[in-house]
Each structure stands twice: as C-alpha cells, then as structure tokens.
Amino acid sequence: MGWVRGYFRSPPAVIGLVLLLLVVAMAASAGWLFPRDPLALAGRPLVWPLDNPRFWLGTDNSGRDIAAQIFHGARISLLIGLVATVIAVLIGIVIGAVAGYYGGAVDTILMRVTEAFQTLPNFLLLLVLVVVFGSNITTVTIAIGVVSWPAPARLTRAEFLSLRNREFVQAGRTLGLPDFKLIFGEILPNALPPVIVYASVVMAVAILLESALAFLRLSDPNVASWGNLIGLGRDVLRVQWYVSAIPGVAILVTVLAVSLVGQGLNDALNPRLKGR
Amino acid sequence: MTDHRLEMKRRTLLLGSAAMAASAMLPQRSFAQGTPRRGGTFVVHYGAEQRMLNPSLQASTGVYIVGGKIQEPLVDLDALGNPVGVLAERWEAAPDGKTITFHLRRGVTWHDGKPFTSADVQFTAMAMWKKILNYGTTLQLFLTAVDTPDAHTAIFRYERPMPLNLLLRALPDLGYVSPKHLYETGDIRQNPVNLAPVGTGPFKFVQYERGQHIIADRNPNYWRPDAPYLDRIVWRVITDRSAAAAQLEAGQLHYSPFSGITISDIARLGRDPRFIVSTKGNEGNARTNTLEFNFRRKELSDVRVRRAIAHAINVPFFIENFLGDFAKLGTGPIPSVSTDFYPADNGPQYAYDKARAARLLDEAGYKPGAGGTRFAVRLLPAPWGEDISLWATFVQQALGEIGIRVEIVRNDGGGFLKQVYADHAFDLATGWHQYRNDPAVSTTVWYRSGQPPGAPWTNQWGWTDPEMDRIIDDAATEVDPVKRKALYARFQQRANSELPIWTPIEQIFVTTITAKARNHSNTPRWGSSTWHDLWLAE
Amino acid sequence: MRILSLAGRRLAASIPTLLLILIGVFLLLQFAPGDTVDAMMAQMGGGDAATARQLREFYGLDLSVPAQLGQYLWRLVRLDLGFSAIYGKPVATVIAERLPATILLMTASLSFAFFAGLVLGVVAARGVNRWPDTIISTLGLVFYATPSFWFGLMAIVVFSIYLQWLPAGGLEDITQVQTGIWRTLDIARHLVLPTLTLGLIFLAIYLRIMRASMLEVLNLDFVRTARAKGLDETRVVVRHVLRNALLPMVTLIGLQAGTMLGGSVVVESVFSLPGLGRLAYESVVQRDLNTLLGIVFVSALLVIAVNFLVDLLYARLDPRITPGG
Amino acid sequence: MTAPVLALDRLGVRLPPGADRSHALQDVSLAIAAGEILCVVGESGSGKSMTANAVMRLLPVGVAIDGGQVRFDGRDLASLPEAEMRRVRGAGIAMIFQEPMTALNPLRTIGDQIGEMFGIHTGLGRAAVHERVQALLEEVRIPDPVRAARAYPHELSGGQRQRAMIAMALALDPKVLIADEPTTALDVTTQAQILALIRDLQRRKGTAVLFITHDFGVVAEIADRVAVMQHGRVVEEGPAAEVLERPRHPYTRQLIAAVPPLKAPPPRPLSDEPILAIAHLSKTYRTGGFLGRGARVTHAVRDVSLVLPRGGTLGIVGESGSGKSTLARCIVRLVDPDQGSVRLEGTDLATLPRAAMRGQTRHIQMVFQDPFGSLNPRRRAGELVAQGPIVHGMPRAQAMARARELFALVGLDPASADRYPHEFSGGQRQRIGLARALALEPRVLVADEPVSALDVSVQAQVLALLADLRLRLGLSIVFITHDLRVAAQICDLVAVMKDGEVVEHGPAGAVFERPRHAYTKALLESIPGREFGGLAQAPA
C-alpha cells in the first residue's frame, strides 16, 4: 500500500490525524473522566474557567460542567458526523451509480431530483425536516444525512460515467457478466476512493450543520452536543464569552482534523495533484 | 459525595419569599425633574414583529409597545396604579352593575383630522372587543349593546352584572379605541390600517419597513397641551438578543422593553452608569412561570405526586443563581404585585424538601425501579423566554435526582401550542402565565373547567373541580369589591392545595433604558402607555 | 439570439425540478405540528377556539390537503404566489421587500470568496509544497472549519463593541436620513461583517478548487509548449494557465448558489439583516406556507439564473462549448 | 561533415531517488550539422525524449543534468543562466511535440499562439506579426490560412494542428528543430504529408533537425544519420543507410528484425467453410440535437459484408474514423447494429435479445488495445482470467486451475497469477488479456489493435504468440489494425475500410502487391520506408 507512506510524508495530514485521534480519545475517555451525567447540575452557573478547581473550563448558564460537556460532546458530534456521512454517502453512491451506469432516461430523472435538492438551499430543507419530524438526535442526524447526499451522488455519477466505457468494463460485458456484477464488482471498487475522500468533507459539513441547528435552538436538548452549548452560550456572549468560545474551538479543531485527514488521503491517492 | 455539594459562596440562602419591593428599589436615579427638552428621536428595540399593530384587535405587549403610542385606551393607570381617564373623562356605574356610562373627552381628533366621537367607541366595542380581541371576547361576553345618546357619551349595557373595578382594571389593556370611519367597510382583519394604525395618540404613524424599522412622528394637534416632547420614535427590528445588547452599548438603541435582552446582559448593563435597569413601570405586566400537569397521565393525576414534584425542586436556589435580582418566589396564580387581590393567606406552600418528596412518591406507590428511576415523563417547554429553557433544564436535573427521568421535547411556537393546548400530547409543560391586573381577565381561565380544546393558556389539564368552578363563576359577577377579593382568596388557596398548575416563580418584565431618559417608567404599564411626557436630556 | 435559446432551454429544463421542490415542500410541511393559526395565537399571547376556527376558514386551512395543493398550483400557474399570513400582504410584495438585502449579501460574499479564493489559490499553487502553500491551505481549512454564526458573534464583539469600527447589525442606519453616495457607503459599512462571515466558508472551498485546478493545468502539454517557446513562468501562468484553471471555478459558482442562500439564514439572524434567509426561517416557524413556498420559488429562480449566467460565462471562456451542446 | 550546429558531449541526467534506475541519460554524445536530420530511435524508456528535454533544459521537477555539455552557438547550454536559456528557446532551438490534440492552448486562436513567438523574441508591431503569421501558415501549406489563423485548436484536424505547430516552431528561423515523435499520433496518410513538409522546410531553410521516433519506417524514410539508444545510452550511431542495412550492435539488430516487412508471406491454405459471415451490417450514431432536430448523424458502419473462413485470420485495416472499431464492437454485440446479420455457425448474433446474447458470448471473445485500461486494477491476474468460466458455471477451484494452465499457454509464469495488473509490463498484460479471452474456448477471437500500444520488440513477441496459438488451437481471428505492416504479416485476408465502407478486400498478398482501389494505393504509398523491413524470415 504505497499511498500510506505517501500520506505520512505530508505534515498537515499528520497533524490532522493527531488532532483526530485526540478528539476520539476525548470521546472514549468521557465516560471514565466524567462519570456523572454531563447535563446534571454541577454547581453555580457561569463560573469562569480555572476560577474553581472542580471545573477546569467553568460552568455554563445551566450550572453544568463545561469540560464534561466537551468530552461527552465529542462522542455526540463524532457520532452525528459519522452516521450522517454514512447515510449521505450510501444514498449518494446508489443514486450516482445507477444514474452514471444506465444513463439515458434514468440518468435524466435522477439528475432532476439531485438538482432539485441542490437548488433548494439545504439548510432550509434541514429546517423544515427538523420542524416536521421533531428535533431528537436520531431525526436530526437522519435529516442532515438526507440533506447532504447530492454532492456525493454527483461525484459517484461522474466517476461511473468515466469508468463505464473503460475497456476492462467492456471486457467484463463480453465475458457475460450481468449488470449488477459489473456495477458492484468491477466499477464501484474503482469509483470508491475519491468518494471516500469526499466523505471527510460531508462529515465536516454535518458537524457544522448540527451546530447551526443548535444555534437556532432546534437541536436535541437532552444530549450534551457542542452545538447545544454554543446555542446556550449565545445568551451570555457579551460577558461569559467562553461558554460559546470553548465548544466553538472544539468544533473547529474536529472539523479541521477531519478535513486535513481527507485532504491528506486525497493527495496520497493521486500524487499528480501534488505537482510532482 | 452522594449529593452534589452546592456552591453557596456569595449569598446566604433566602428561605422566605424575597420581598418584591426590596429588589425593585435600586439606587434612585433622576426619574423626572428639570425642564423638559423638546425634540430628539427615541430608538426602541423591537424584538418580535407582529402580524398587526392595532391594540384594539390584538392584546399583546408586542403590539402595545408600538400601537400604544398611536392609539389610546378609554382608561389607563396612574403612577399609583389607579384608573385614570384618557379618552373617557368621567364614568359611573348603575348599582345593579349592568350599565356603565362613560363621558368622553371633548376636542379630540384622529390623526387624519376626523373628530373622535362615541360612535367610534360603540363600533370598536361591538365589532372589535367583543368579536376579535383576545381576552376581550371573554371580558365583554355579556355586553349586549353600547348606546350613544350624544357624541360624547357611551353607555355600556350588560346582560349580567359587570364589576366596575374589573372593567376599569381591564380597559387599560383591552380598551383601545379605533377610528370607525376607517374600519366600518370590509374585513377588519385584512384592513391595511392594521399595519399603518390611525389613532388619537401623541405620535402619528409614518412608515413600516418590514424586518427593519417602524417610524412615528410627533402629533402636532394632540389633545394634551404642548405634548409630546419627542419629535420622533423609531422601533428597530432586532431578533437576536445579544445583538440588541450590543447596539444598546453602541448607542444605536435607547430602550429595550419587556426583558428584551438576556439575563446576564441585564445584570451587566445594570452596573453601567449609562443605563437604568429596573422592573419599575412593569408592575402591570406581572407573570408567573408555570409547571403544568397532564392528569391524563395516571401518575400525575395523584395530588401527592404533584406535591412531591413541587417539594423536589429548590426554587430559591434557582432564582438566586439563574434569574438574578428580578424574580421572586411565587406564592400562587395571583401575584403579590396585584395589591387589590393579593390574599393574606395563600394556602399551602411547597418548600424544597427532597426527603419529603421521596416519601410522598413512595406513599403514592411509585418506588424507584431499575437504575433508581420511578417513572419517566416528557416535559414540553414553551420556546420563547430564556428563563423558561433554564427552568426546564433545572426541573429535568432536580427531578432526575429523585428518580423521575425527564425528557425535554422542543417545539417552535405553533408546534408547542398545538401539542399542549390542542392535542394534549404532553406530561409536563412549562411557560408563562400573564396576570393582567384582575384574576378574571386571564388567570381564572387556567383553572375553570369546560375550556374547548385548542384554546391556549386555558385549563387543558383534564382536571375538573366543581368547587373551583363555583368560586370562579361567583367571583366573576360579584359586584361588591370586598366580597370579590375574599372569593379570590379562596380561589388562591384551592389552586395551591389542588395544584393542577404550580406557579413557583413570579417575575416582572425588566426595562433597560438610557439614563438620559426623563419621565420614564412612571406608570405600572409604562411600556404600553402613550409616552406623552417622555423626553431625552442632553 | 443564441443566448435567448439557451435561456429558454435552461428554464424549460428546470421547470420539472421547480415543481418537484414546491410539491415536496408543500406536502412535507403538512406533517408539521400546528398551523399558522396556532403560531399566530402563540405570538398574540391569547385567542379562543371560536376565533381560531374563523381564522382557519379565512386561511383556507379547513380544505383537504390535495385541494389546498391544487389551489396553490392553480394560482402559481398565474404567477400569483398567494397571500402571506404573517404579513397580511401578497407574498410577492413581502419577498420584493426582502430580496435586495439578500441579493446584496450574496453578491458581496460570492465575489469576495471567488476573487480572494482565486488569488490565494494561485499563490498556493505557485509555491506548492513550500511555506506559502502550507500556510494558505491550512488557513483555508481553518476558515472552512469555523462555524459561521460563531465567527459572526465573535466579530460583533471585537469589531462593533470593543473597537466600535463597524455597526453591530441591521442594513442601514435610519436615525439620520441619507441619500445617494452616503446611503450606499452606510449600507456597505453594515455589510462588511456579514459578507466576511458568509463568504469565509466559500473562500476556503474556492481556494482549494483553484489550487487543485492550477496544479492540474500546469502539468498539461500546452504549458510545456509555452515554456518551449521561451516564455518565463509568470507569463506562462498569466497567458495560458490562468484561463484554463478558471473553468472548474466557474462551474462551482452554479453549484454553490443554493448552499449560500442556506448559509444566509444563520448570518442574517446574527446580524439582523432583513433578507430572504431570515424570512424563510420565520415563515417555517410561523407555518406560513405561502411565504415559504414563495421563497423557495424565488430562490430556485435565483439559483437557475445564477446557473444560466455561469453557462454564459463558461461558453465565453471556452470556445469548445457550443450553445446547443 | 560540416561543423556541428548542436553537439552533446557525454551528457548525463540524474533521476530522483526511488526511480527505477539512477540515471536517465549516461555519457550521451551526439552532433547535428546544419541541413542534416539526425534520427534518435529507441523503445519507450530508452531516454530519447529525455535527451530532447535536456537540450531545452525543460526537465521535470527533481530531474537534473549532472555532467557533460550541450554546445550550441559556441555556448554550453547545460550551464547557461535561466534568463539566457529563455532567449535560446524558440529563437535558437525550437521544438514540436507528439500529441497535436493537447499541445496547443484550447482557449486561444492559432494565429494568436503563433504570433506570441514574435511577441516574446522580437519587437514587431501587431500588423507585422499578423502578416508574418499568414506567411508562415502558407509556408506550411495549411488549407485556407486566413480562416486557420482565427480558428481555435479544436476546429482543426490533427494534421492541420501539427502544421500549425511546425509554423510556430519555424517562426524565427531557428538553427535547430527538435521533433519529439511528431507523427506518432497521426494517420499514416497525414504522417506522410508531415514528414514531406519537414523534409522540404529543412532543405529550404537548412535547419538541423533532431528527430525522435520509435518507428524504424520513419527512420528509413527521412533520416540522414541515426543514433540508437537503450536504457539512457547511445549504443550505435552512423549514416542511416549503414545502420539500417548493416547494424553492428546486437540490440539494433534485434530491433530491426522485429519490424514486420510490408511484403506478405506466401498465403496459407484456407478452408472454404465460413465460420463467421457478416451481411449488410450498418450502424449510425445520432449525437446532440434537441428532440430529434439538428442532431449530428455519423454513419459509422455502412452495409459491410465479409466472411471469415474457419481457422483463417481476416484483417480489417483503415485509418482512425474509418469504422473498423465500431464493426468489431458490433460483431461482439458491445454495440447493437441498426441492421444486417452476424452469423456464427448458423446463429445470427445481431438480432439476439440481450439475455440470450449473454449465453452466446462465450463463443466469441475480444482482446483490447490498451494494456493499462483493459484489466481491472483491483483484481488479481489469475482471478481476471478465471472470471469468464466462473460466470458460466465452472466451480472456482477448477476455473483457477484452468487459469494457471492458460498462463503457461500464453508464456507467463503461472505463479504470477496472484499478482495485481500494475505489477506486469505492457506485453505481459496483453498476454493476460489473451488468456482471459481464451479461457472460454471461443470459436472466434476478435482482436482490436492488440499490439498497437506496444514497443516494436514486444509487439513482435505477441504477434509470434498469436500466430503460434492460431495453429495449435485452430483459432479463427478477426484482426483490426491501422498498421499495414502488422496486417501483412499476420492476416490471410485483408479488408480495407474508409468512412464506414469496405473499399477493397481479398487475400493479403494480392491486396498489398496489386491494390485495385485508389484509396488502398494511396494508403500503401504513404507508408514510411516501404522497401525497408525485416532481415530474418517473417514468422510462419
């Protein structure tokens, strides 16, 4: 696997991986470091960080320990990012593959649907979905997934269109391979790498969308997500700006890590882009 | 550390109810003296755009803050909270309470020059208060006709006796008069005048830029001599509370009404000499935070469970640490500011006592099961109000400690109303109960049975109590003020003992205004009043 | 003439997409709990069942869903977007009032993101793998990763409260009456922070696309021919590489138009700008279906118009594209 | 030998660490006099293109000259500062490249790109430049030079674009012209015209031409002197006639032997029973257009009727765009023909429904052109060969064993069956493609340009393998190629196609010696170095 060596040669990619492992470690150790429910009342509200030894990062305006919410929030945000990305990429691959492989009328119809999703501002559609189906964590995650599938679909379709007429696919056809074997056996393995790399972009967007929803107080209040903390901190922004700042930095670091890893993968997989 | 050690550093725990007056008496600043300076523009923070601006069609603070300067009510409240005539000079009621006569002020003209006459009062009362105005429809339920023997007399005739002090207390909010000659033709609701109001007030409507601002200029031929002092009032639409606080500090706003900015900004600007932050001038808009029980859930239909829930929540701690100086311990549906009706004995109170709460729950048969959970409930908080979401989280945390797992379900405005007051799809709900100077206006309806589903802020708990219904109906038509007050005392005691709704916190809106303002906050409902005497010092 | 035929064809091709969106959103919003009358009563702070029933009849909410849909589409065919429940005015006027703010914000953010992204992309590509590339690329990622509302709020704290340089919100300062150049300057001052906030994420995207596209073109044969002709590196980039590298950037504008309008919902609420974004959010919360569908209709037209312009620009840039193709 | 205009003296070029060998060029010494064409010939990877790039100092990142000199105009270009070097490029030494499709900037007109030469090196005004451009275009005999100047690259044919490139190169009368495989991507008729043009311009202007190619025919056609390169070294150098007739170095001898001669070997006995009969086959493509109007219609195959005798090899030759590939794809039903029939031992494949066709595909298999594109990079080689039989029901273990046998049959080490395609050379991959096709024991093999992408020595080995298998397995083959030399050696019958129609067909010997159709004659005329070809006897 030559590309692994290629990946580790670029410093930003390594930094991204380290940051990502840090966030994953935070998520994993949350249960051990902060056993109590992060949403429980821990003390007086709006205590400044380092002001009270029991709360390194202080408390928010509901008297909850911010450090606990950051650690438990890592688990939620990664979960939302991952699940939403899987949903978006799966839908994207299926629609992209069918449209790209069969072309003709099927392709036009599916592309009309993709265009419809992309013409309608995705955040607006997300708003409608959350208002209609309620804002508990599962519906929010599924809604984010359902809203972000057009981009991976377009990418998969482009890959399929270029691979469909490649000679090894025609060879497969002359050997008598049925369509589904050609799609999933021959074309998909070669179409996947760029889609997987793009998944890092979808994940970054998913985490940002959840925090935007929470900012408009439409996210699930029973869950210690970073977005909720920022939304809550919005009311005390002028004085206790740290309540919004700390989760904001957490989101920034996570999304940065995911993007750096994605870009590192992308450059490692097609070295030509690095100008070599 | 079995129980989390609460941080008590700054204040000792106030066990009793903090006296409302004490917290209101902030360092006195110059409220009204020196010769008034003419001119200048007063910029107001306008938080939520309304669908209309005419206060005789929609009774809400969002409308009064604008419409209240352009249209005037028959009667308003003076500095001490007693009724004072505005469009009505004098009034008298027949002994049987079925006829009340208003003698209207002379020489008053509408902004478009037409004279103000009793015909306007008759039309507004019969077509608007009785048919469209929220809470007006119930208040004027038994109004049969308004006679106009001459241009300056309006006689209200009632089928059942209307207590004078109830009407006089209600009219400041529900008594605004609209010009008949502009509303008599076509559908009142779709009339464009609703968004470009014409009134008799000190300020004339100029322009409404949707989503941006509303402008009203000085009314040169206002009936009060040489009033108003200001040249122009501008209402700026700012939906984000932090942005509003920022613009106050940046000098782009002079006044943010009805707790328009966040609790922490209120506390911060309170310490800033450039601003006056107080509840003074909002005594007419008292409200209590509620915890509403759905009796259709077996557990909550048991009064012991409801009392246990009340005992399990440390309200004084919440008030002191979360709401700051402008809230106090609630003692019942009738708030302590209502000097006329606040009873001496409020009936049972529910101090914070976790052990007693646990005992009551065991008594009721709900022992803690796996993981210490007795049962689970869904709590629907109203989406407006920073204090409501903080209170909902605090309830979730507190009940979690005694084994009741609470799931908070968020909705937007429309969704909340439908789920709670129409579909009854809730276990606990929390929001605001607005008290409007008289229990009969918008308070007893929370307890009176027989409310049609879909009517918001009424008794939708699936709880009928004949004893309570009788008290409410008698008090509504009791003409003698002393007897009426006694009836409402029994209403308060029964409400607190049966506890269909718990009213743990009493709050008044907080005003944040520039220290340069003069003659401000000088009546109990100043935010909604006409500001004819308001002026800005240098 | 060929431009009209291209416009006609693009519009005809997008009619089905438009219908698909409108009907989809219409049916979706029927499932939302509560309707516009509940939302109105919530705002009014009162209202009894009788008035509620009257209002529902007035807004035609008592009809069956298919009937309401049929009525809406029949009106739409006559380009009548219906009546807005929140504002008591035809939807068309409400949107017309809010459109300028959104278009101003979008064009400002789009052009800022496009040109800054272009310049930074070229600089990064020229200094590939050296310090300019790493710094610019990582900076781009940091902008990409910053939640827009968080950046907006912090910007307000720093620039309008602490430094008092820029206004904290709103589209223009209406306390003093200004006209002409002063008014434009004032609006420009008000738009600086929102443009920065909305544009930042798209700047990161354009930057990455431009860098990748530059590296791609630098490896093509005709660049080697240009060097063989004796051109120095800067002239090679300016005269040959730049124009070819612009093609993917132009296509991206079309794709981004939709997401940008989505982003404006948050930015407009942080900076209290009277745009379509916030109007959309309010109409969802107020369950005002006519206004929401009107906004969806107009924003779809906006996106189609942007895509049409992108096609024109692309056809001018690349002679290989014939309008028919 | 007049004084050399350009002389390379022991030139060395180092490759970056991690490349397959340490140096791209080692001790390369060459010299070109004015008015002389030096052909540098060698297989891919021999370093011939690197030599050209080294002279122009246009080496890729990480590759640098590390020894020797490049003397031109009295100066050593290897150590010249960049600014000076830029003045030499284009004015002193000009260069033309292989891919006409991508060598010109698609977004700027031809006139503008040629005019740029004058902009860089001279101070001429716009009008003067315009005039010079017109003169140059006439000189390279481009049809309608005025329109050509305003045209964009995609509006010209491959040949016209190469003419424009030449015009650009000769704009400032450079002393040396480096041509890096300028005609490889062109059709043989266009190639002939371009070679004639270069020869003519060179004679008139006296420019020294360094001509790089892998095609010995081209060398025979235009070279004055020849240099043969292998793995970055010059193995032999001398006058063209001497190197081609009496090669001294074994590698040169081996290369020349691999070039198939044009003269066909004596005809093989053919059975008269047809195994494959194609009757009135046609296929038209309709692209673009809106709702049927204004569509661009191309008649790819027009009413073709051919017969393939059992055991015989039918060659289909023609230039690109003649429809030979579409015909092949119609036979194998990768493309559905509009009308006509393809009878394989009685059953008509053309009209079979798709599902039934999948059952029949085992009897007729195809070998593809691009060694890198025809094998799925993500599957092991053995699996690729076994895929066909497995789909048709053979158990996996038996199919894999069969695959190993086929590896041996096509001359590959059976143990390499579990390596991935990217670990094989071009020639080895074509052998895997062949094994895959033979796995289903087809009655007819359709080979679409199977050896066009290979180096000439590897090409010879694969053709020898094909001829051997043809005998051993009694294979009947339809062989599609644009290279008439290859067709002459391997095909029994030949059909010449032009614009979708078969203009002439018959036994190979007859068609090549006594062509009847005018187009066939022109085709044969334009083959470079017609007499030259092969020393040893052609394979049977």
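This is a predicted model: local features need pLDDT of at least 70, side-chain atom pairs count only at pLDDT 80 or more; totals for chains, interfaces and linings use all residues.
Residues are numbered from 1 along each chain as its sequence is written, with chains lettered from A and ligands numbered from 1 in the order in which they are written.

Chains B and C are another matter: of the five pairs of chains that touch, this one has the most contacts. Chain B puts in 52 residues and chain C 44 residues. On the chain B side, the elements giving two or more residues are strand E1 (41-46), helix H4 (136-139), strand E10 (232-237), H7 and helix H14 (413-422); helices (H or I, at least four residues) and strands (E, at least two) are DSSP runs, numbered from the N terminus. H14(B) supplies the largest share, seven residues.

As for chain B itself, there are 17 helices and 22 strands. Its C-alpha atoms fill a box of roughly 75 × 55 × 40 Å along the principal axes. Buried residues (20 or more other C-beta atoms, placed from the backbone, within 10 Å of their own C-beta) account for 55% of the 538 residues. In helix H8 (residues 263-270), the buried ones are Ile263(B), Ser264(B), Asp265(B), Ile266(B) and Leu269(B). Their cover includes helix H7 (241-249), strand E12 (275-278) and helix H11 (315-323) of chain B.

Conventions. A residue is buried if 20 or more other C-beta atoms lie within 10 Å of its own, exposed if 12 or fewer, and partly exposed in between; C-beta atoms are placed from the backbone. Two residues are in contact if their C-beta atoms, placed from the backbone, lie within 7 Å.
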